[in-house]
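Hello,

Here is the structure I said I would pass on. Please open it first, then read the notes below it.

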Amino acid sequence: MPEVIRNLILILMAGVLVNNYVLQQFLGICPFLGVSKKVNQAVGMGIAVTFVMLCATAATYPIHTYVLVPLKLEYLQTIVFILVIAALVQFVEIVLKKFIPALHASLGVYLPLITTNCAVLGVAINNITDGYNFIESMISSLGVGLGFLLAMVLFAGVRGRIENCPAPKCFRGVPITLVAASIVALAFFGFAGVVENLLAV
Amino acid sequence: MEILIPILILVAIAAVCAVLLTVADKYFGVPTDEKEASIRDCLPGANCGACGYNGCDAYAKALASGETDNPSLCIPGGDNAAKGIASILGVEAGDVVEQVAYVACGGTCDVTKRKFDFQGHKSCRTANLAYCGDKLCSFACLGYGDCVQVCPEKAIDIIDGIAHIDPRKCIGCGICTRTCPKGIIHLIPDTSRVVVECSSHAKGAETRKACTNGCIACGKCEKSCPHDAIHVVDNLATIDYSKCTGCGKCAEVCPVRCIHEGNFICGAHF
């Protein structure tokens, strides 16, 4: 297998499993806890986040490389990225509403909700900190998005079980949900050593 | 001077974004329907689904797009919502019969017994799977409160082992009637004054053994009714609300007192 493709697969798998943004880096916890009550909502949110992450990376990477770096304004990264991502999400929403109303209706409220999601901003900034090129950045975003989707769907299943359990009264609601989230996060630690050996020859 | 460059760059990026969004809105923007928004304002926003649409937004959309022209489907909104919508659409508002739900069971803890000790998950649906529930009467309200959980207005309470609906809080959405595994919660016009608080279709003697409040299908109510509105159908007294005037004669003669007279609006019934 060529080195380049192997590297891309590694980045993808690392995003999905090892560096799972929700369960390992604890970014984007708000939708993780807020929209994970039902599996179909979790899937909708996960797909919307993946989509926005890809768009955001495609927009922020060139801005960073061709505007901020030549002018030595890297310290404006955060504020510029927030601005660009917010505008981009609005733009995507308008375009979707016009051309693919079905997709717009199914993404529904999730699109505007993700506008200032820290996982989206996090992936845009981390891609640059990790020194990825454009292709690698896009693959990394895809991986992180899929990882988010995976975490959401897994956790929606876990929550479904929790609803049917007679938890002690003081634990009901948010506390038991957070306990469950931490156990799921612990389970993801098991992936730490997997990716290095996944494609070992 | 050095500070000007980052400011200018930031402003430039913001300006590009602003122009982009403005252009996008101009060329791709889908005009939102003003009619739809104003119809939505008339609706109560309970998203209960009583109109048959998927929430208030969907009903407003259906009205605005002409999918339906009936402005009287919203039961929680009642006459006010119907009049508001009708004036926007320019059609005649039909009279909305506001509805209220009631539990057709009077099998409280002291009049019926339990067949066995149910130790499973405390929900009516689960309990109903095991020999039609743990109440001696297989038609009875199980009292585990599935309806309490789904009620958007928190109008239902479990008192003495059976569900009670507060008619002052009930908006008549009918979610509980669809949730109850026994199917014993019914929607009736909120002008009704008489209800039969039993759902047992078993024969009189059998019902009597299971619950002292149950309808024994004696037919006294049928004979006493001056308006031919109450009939014993399949061993259970059933009221035809299109004929019932609420005189309460049937409630007076009922030997087991399972027919109740009262006023739903004032909540005096319970």
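This is a predicted model: local features need pLDDT of at least 70, side-chain atom pairs count only at pLDDT 80 or more; totals for chains, interfaces and linings use all residues.

Ala217(B) sits in the loop that joins helix H8 (204–210) to helix H9 (220–224) of chain B. Its phi is near 60°, a positive value, and the residue is not a glycine. As background, most residues other than glycine have a negative phi.

Asp228(B) also has a positive phi, of about 60°, although it is not a glycine. Asp228(B) is found in the loop between H9 and strand E6 (230–233) of chain B. With 42% relative accessibility, Asp228(B) is counted as partly exposed, because that value lies between the 20% and 50% limits.

The other topic is the interface between the two chains. Here 16 residues of chain B are in contact with 19 residues of chain A. Together the two chains bury about 1,500 Å², and 88% of this is on carbon and sulfur atoms. On the side of chain B, the residues that lose the most area to chain A are Leu10(B), Leu21(B) and Phe28(B), together 34% of what that side buries. Sorted by class, the side of chain B that touches chain A has 12 nonpolar, 3 polar and 1 charged residues.

What is the count of salt bridges across the interface of chain B and chain A? The rule finds 0.

Regards

Key
Residues are numbered from 1 along each chain as its sequence is written. Chains are lettered from A and ligands numbered from 1 in the order in which they are written. Side-chain values use heavy atoms; hydrogens and water are left out. Contact means heavy atoms within 4.5 Å. Buried area is the accessible area (1.4 Å probe) that two parts lose on being put together, summed over both. A salt bridge is a side-chain nitrogen of Lys or Arg within 4 Å of a carboxyl oxygen of Asp or Glu. Ala, Val, Leu, Ile, Met, Phe, Trp, Tyr, Cys and Pro count as nonpolar, Asp, Glu, Lys and Arg as charged, and the others, Gly among them, as polar. Helices (H or I, at least four residues) and strands (E, at least two) are DSSP runs, numbered from the N terminus. Buried means under 20% relative accessible area, exposed over 50%, partly exposed in between (1.4 Å probe, protein chains only).
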